[in-house]
Amino acid sequence: MIHPQGNLVTVADSAKIVRDLRWLKIYAAVTTISLAILGLTAAKAPESKELTVERINIVDPSGVPRLVISNAERIPLPKLNGKEYPRAVHPAGIIFYDTKGNEVGGLAITDASIGKVSALAFDYPNYDAMGMVTRVSPDGKNSLAGLQINSRPPADLDVIEASKVVQRRIAIHNDNEDAEILLADPQGRDRIRLRVTRDGQARIEVLDEQGEVTFSAPSGA
């Protein structure tokens, strides 16, 4: 390097260069250590595991919905063969769909006029097939937990028409601590009833088409 006056670099200039190089090395070392610490901290930091939204739509590659998770305000209406139907209540929950976008079941949780209701249901192509439900009255005094299996309606009926012909065939429930199993005929009439009451009394009954008991055990109970 040539000095402005034409001389070689002075002793003072050399000392300044040495100091600058020393500080540059220190800066580089500190920067390297800081980046290493930052990298280790980022590697150890947990990834975000929480998502807060009002509704999530899961679709297949063609865009057909297969599963919806939603709050009560954004829950979709039941949809079958491209047509939507009203819901009796609007729960929060999860709705399942087939490959055509038809609702085939779901998990529903709601506070309705009849109380707190939670239900898990699976459907025939045009109506409810079976469901598990819990229900607690608004005052908390009455409760029911059970399983219900319905008859299958003709496949050519829509939901509204199917609801007029579907019958409950099997029910298993705990109704205010009375445990029951009910078996019904195709017309929905209970024909066999098994019960253990809340006070521990066991009973089996066979009923006729008019609902009259034709056999019971223990007899005379």
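Isoleucine 172 lies in strand β10, where strands are DSSP runs of E with at least two residues, numbered from the N terminus. The model is predicted: local features need pLDDT of at least 70, side-chain atom pairs count only at pLDDT 80 or more, and totals for chains, interfaces and linings use all residues. Residues are numbered from 1 along each chain as its sequence is written, and side-chain values use heavy atoms, without hydrogens and water.

**Exercise 1.** Classify the exposure of isoleucine 172.

*Solution.* Step 1: buried means under 20% relative accessible area, exposed over 50%, and partly exposed in between (1.4 Å probe, protein chains only). Step 2: isoleucine 172 has 38% relative accessibility and therefore counts as partly exposed.

**Exercise 2.** Give the strand order of the open sheet and find its edges.

*Solution.* Step 1: strands pair if DSSP finds at least two bridges between them. Step 2: twelve strands follow the order β1-β2-β5-β6-β7-β8-β9-β10-β11-β12-β13-β14, with antiparallel pairing. Step 3: β1 (55-59) and β14 (213-217) each have a single partner strand, so one side of each lacks a neighbour in the sheet.

**Exercise 3.** Describe how β12 pairs with β11 and with β13.

*Solution.* Step 1: β11 and β12 run antiparallel, joined by six bridges; alanine 184 has aspartate 190 in β12 as its bridge partner. Step 2: five residues separate these strands in their hairpin, and glycine 188 takes a positive phi near 85°. Step 3: β12 pairs with β13 (residues 202-207) over five antiparallel bridges, and arginine 195 is partnered by arginine 203 in β13. Step 4: this hairpin also has five residues between its strands, with glycine 200 in the turn at a positive phi of about 90°.

Note on methods
Helices (H or I, at least four residues) and strands (E, at least two) are DSSP runs, numbered from the N terminus.
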